[in-house]
Amino acid sequence: MLTDLKIENVAVIKKADIFFEDGLNILTGETGAGKSIVIDSINAVLGERTSKELVRDGEKSAKVTAFFEDISQNVKDVLEELDIECEDDGTLLIGRTVTSDGRSSCKVNGQPITATMLKKLGRELITICGQHDSQKLLQSESHIDYIDALANCGGLLEEYRGLYHKMLKLKREIASLDSDETEKQNRLDFLEYQINELENANIVPGEIERLKEEKSRIQNREKILNNLYSCYSILAGDENTAGLADNLYALSSFLAQLSDYHSEFSPYVNSVTDFKYEIDECLSDINSEIEKLGESHEGVDEIEERLDVLYRLSKKYGETEEDMLSFLEKAKNEYDSIAFADEKREKLSSELVSLEKEVFDLGCLISDHRKAAALRFEAQVSNELSFLDMPHAKFSVDFRDREPYENGVDEVEFLFSANAGQEEKPLSKIASGGELSRVMLAIRCVLTDSTDEGTMIFDEIDTGVSGRAAHKIAAKLREVSKGKQVICVTHLAQIAAFADNHLLIEKQSSEEETVTKVKKLEDEERTYELARIIGGDVITPATLKSAQELIDFSSSC
């Protein structure tokens, strides 16, 4: 239940603290006073889309805070899913700030969350029924959603949609195999050319780098040889000078003899011996490299030719050898998929037949659930319409079979007749504004009985309604409010008279600014406000008497 709504710098509302209560909360006020801004503020704190236009002129940001008590188990489950700590006393605090540059931030119990997460939570906290819902009733494609809300087949529908999308994917795959034969052959020829070119190149990972090193060695042969000879001379010596290898051998021998008399020199013998082995290996490698470089070095032309081939291929198929080999693998796979398309098509077609049956069977099962729910829905909505001063109204749900689509295997449309002897026709074609408002209220009442909604908001449910019908709507709103909190924006005194908590939204203007205030009305203030709604600016004893009579009448109902 929403108990406290704080609004700061939202449009014409500079600051407002609105306290809602159990039962029926009524909001009234002159046109343009800011009633819609209160609803916009509630929408914002429920995670709906906002914009910088929400921010009051001259302010840097707007802020809306909502405090809830006695939250439902559904809300607690969503909080747990969103990993938000739930207060032990069942309270919930939501805050949303919108800056003048359009940025938005949301917090739940002090924890930052995204607007998408907030919207998911908001759906469980408050249901807003307004002009959008009336327009939705005029769109026959939306009628199936109302039935699904009662049919309790959400899990089946989710499974159906998974199979349905899998079926669509399979159909697209089969269609891609049925391309023009000439186009297929051209593609095969092109793929064959690419595959042959890459396979004939015998690409080996790391080859480009190895060839570059080999080329560099050959091109710098003289410099490398000079360094090798110098190294060899130092290690092996020459005719006149002993090299490092011979000196190490002599050093090892002297140390061995010395260790016979001084044991502390023994470790050095092993170290020098190991070092001598390493020097010998180095000499061997130097010798081998000198022999290689001493051979003919005409291979640089072949290396450059090979590098040119690899460079040309890399421009077409990928920068590295790995990229080119990956391209080759993909080309082979595509070639096989086209070359063996007939076999694959036959296999996929068999899968499709099986999948189509699964989709159709599951769609029929969902349809059965819907039709059973629709029978209950028809009876309950008809009862509600009778209560709402439409005793001769007929309401039914029309099902039409169709090929499987996103929502199943049937289409749903509401049929309606307001008067006795009048044939039922599509609701969108014959309902007047007042009739549509009552149909929407009736549907909402039926859906509400099957859900755990904590708060319901009716925004201008009285469109096109007056007199006896208005009294009936008011009585129905009060009836609904006995089981849950109801907030209603209205222009009708008949409805406002039934309020358990009457809030006046009024605009106050000065030379400097225009602000909107929200005030709880008591006793005489209520009577005066109802008289204003009845008679406009001129309040007479007669309108005051009428207003009081409405209040007294509502108390007796």
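I443 touches L137, Y146, F377, V381, F395 and F414, leaving aside residues up to four places away in sequence. Contact here means heavy atoms within 4.5 Å. The model is predicted: local features need pLDDT of at least 70, side-chain atom pairs count only at pLDDT 80 or more, and totals for chains, interfaces and linings use all residues. Residues are numbered from 1 along each chain as its sequence is written, and side-chain values use heavy atoms, with hydrogens and water left out.

I443 belongs to the largest nonpolar core, which has 77 residues. A nonpolar core is a set of buried Ala, Val, Leu, Ile, Met, Phe, Trp, Tyr and Cys residues joined through side-chain atoms within 4.5 Å. Buried means under 20% relative accessible area, exposed over 50%, and partly exposed in between (1.4 Å probe, protein chains only). F377, F414, I443 and L477 have the most contacts inside this core. Helix α14 (residues 341–387) gives the most to the core, with 12 residues. Helices (H or I, at least four residues) and strands (E, at least two) are DSSP runs, numbered from the N terminus. A second, separate core has 44 residues, L54, V98, L118 and L121 among them. In soluble globular proteins, nonpolar side chains tend to be buried together.

An open sheet of 3 strands has the order β9-β10-β11, with antiparallel pairing. Two strands pair if DSSP finds at least two bridges between them. The edge strands are β9 (394–405) and β11 (425–426), and each pairs on one side only. Strand β10 (residues 408–417) is joined to β11 by 2 bridges. F416 has K425 as its bridge partner in β11. Helix α5 (residues 143–151) touches β9 and β10, and its direction makes about 100° with that of β10. Axes are lines fitted to C-alpha atoms, for helices over the stretch in contact, and angles run from 0 to 180 degrees between N-to-C directions. Helix α6 (residues 154–177) also touches β9 and β10; its direction makes about 35° with that of β9.

An open sheet of 6 strands has the order β2-β1-β4-β5-β6-β7, again with antiparallel pairing. Its edge strands, β2 (13–19) and β7 (111–113), each pair on one side only. Neighbouring strands are turned by 15° against each other on average, direction ignored. Helix α1 (residues 35–45) packs on this sheet, touching β1 (2–10), β2, β4 (61–68) and β5 (92–99). The direction of α1 makes about 105° with that of β1.

V10 stands opposite I13 in β2. The two strands form a hairpin with 2 residues between them, and A11 in the turn has a positive phi of about 55°. C106 has I113 as its bridge partner in β7.

Helix α3 (residues 115–125) lies across β4, β5, β6 and β7, running at about 135° to β5. The axes of helix α2 (residues 73–81) and α3 come within 9 Å and cross at roughly 170°. The two helices are therefore roughly antiparallel, a term for angles over 145 degrees; those under 35 count as roughly parallel, 65 to 115 as roughly perpendicular and the rest as oblique. N74, V75, V78, L79 and E81 of α2 meet K120, L121, E124 and L125 of α3. These contact residues divide into 5 nonpolar, 1 polar and 3 charged. Ala, Val, Leu, Ile, Met, Phe, Trp, Tyr, Cys and Pro count as nonpolar, Asp, Glu, Lys and Arg as charged, and the others, Gly among them, as polar.
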